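Visitor: Hi, I'm new to this one. Could you show me the structure and walk me through some of it?

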Amino acid sequence: MNSLALFLTVFLACAVEAVEALTIVLAAGLTREWRSTFQGMAAALVVLAAAVAVIGPALTLLPLTGMRLAVGGLLAVFGLQWLRKAILRASGYKDLHDEAAIYTRQVAAAQVATGGGQRGVRDWYAFTLAFKGVLLEGLEVVFIALTFGANQQNLGLAAAGAAVAVVVVAGVGVAVRAPLSRVPENTMKFAVGVMLTSFGVFWGAEGAGASWPGNDAALLAIVPATALVALGYTALLRRARATRRAGVPSVERSAA
Amino acid sequence: MTRWLRAFGAFWYDFVIGDDWRGAAVVALALVMTAVLVHVASVNAWWLLPAAVIAALGWSLRRATAAKP
């Protein structure tokens, strides 16, 4: 279960971030210039690889208990952030993540931006757009892959999950040459939020010294319980929103 | 240099903690309390962090949606 969950979580998180990075890369490449876009992408990948090369081995040297406390706490906080956004989106309080709309905005900005090159790059705008997009989306992937891989003491599997997701998304992106707006990104983010929070809670409590009933099998209860809580909050917020929009105060409804 | 450090810190704050620092504070407090209960009071408080996370999520969502239609 843990290895499968590790692979799926990293794969899903990485796929979501790769879809977002692809939108930015396509906007830069199709609107401006491909060579500078690829240079920006390559520079970001070098920075990300350096981060993995430095942080990855360092994480494996830390004592497992201390790492689980620190990483579990960080993942729980990070997961809460994902889950909060996913619930707000699913309940209608926040706009859904729309790759087509983001692509349109990026293209519009890229079309009016001034050109010009420097430091061996023909189009500096395309370079920085691709660099920032890939680096920022990639950092989340690196964070998730390293923390999951180190905690499970299986960095190879985490790296495989990330690599497969990047290859799949890049392959589909090359094939369709358009933002992947049909990918159920919001549902995937919801699932990743559930997994990050669940593993964060599991490792955080273990790192603090607690023992889960059933040891690792506790995850079989924590993951569905987290999903149920998140779905419950989503249903509550949807109902509250519908009530508010109908113009009937909830106090009057409960009094009736 | 100071500006760079500030921007670096702001990036990581936004990256890990995001819009609502209270969730992070609740998680940190729950971890400390779990450690205290386990190591000082010998209570296997595995239930504390999940309960705190559920409460923090509900609190954060309530704050985020309170003023919105």
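**A look at some helices**

Guide: Happy to. Helix H7 (residues 185-207) of chain A has 23 residues and reaches 32 Å from its first C-alpha to its last, close to the 33 Å expected at 1.5 Å a residue, counting one less than its number of residues. This is a predicted model, where local features need pLDDT of at least 70 and side-chain atom pairs count only at pLDDT 80 or more, while totals for chains, interfaces and linings use all residues. Residues are numbered from 1 along each chain as its sequence is written, and chains are lettered from A and ligands numbered from 1 in the order in which they are written.

Visitor: How many residues of H7(A) are buried?
Guide: 19 of the 23 are buried, so H7(A) is largely enclosed by the rest of the structure. Buried means 20 or more other C-beta atoms, placed from the backbone, within 10 Å of the residue's own.

Visitor: And what comes just after H7(A)?
Guide: Gly209(A), which takes a positive phi of about 110°.

Visitor: New topic: at what angle do H1 and H2 of chain A pack?
Guide: About 150°, with their axes 7 Å apart. They are therefore roughly antiparallel, a term for angles over 145 degrees.

Visitor: Which residues meet there?
Guide: Val25(A), Ala28(A) and Gly29(A) in H1(A) meet Trp34(A), Thr37(A) and Met41(A) in H2(A); contact means C-beta atoms, placed from the backbone, within 7 Å.

Visitor: What about H2 and H3 in chain B?
Guide: Those helices, residues 21-39 and 48-65, pack at about 165°, with axes 9 Å apart. H2(B) and H3(B) are therefore roughly antiparallel too.

Conventions. Axes fitted to C-alpha atoms, helices over the stretch in contact; angles between N-to-C directions. Helix = DSSP H or I, 4+ residues; strand = E, 2+ residues; numbered from the N terminus. Parallel < 35°, antiparallel > 145°, perpendicular 65-115°, else oblique. Contact = placed C-beta atoms within 7 Å. Buried ≥ 20, exposed ≤ 12 C-beta atoms within 10 Å, placed from the backbone.
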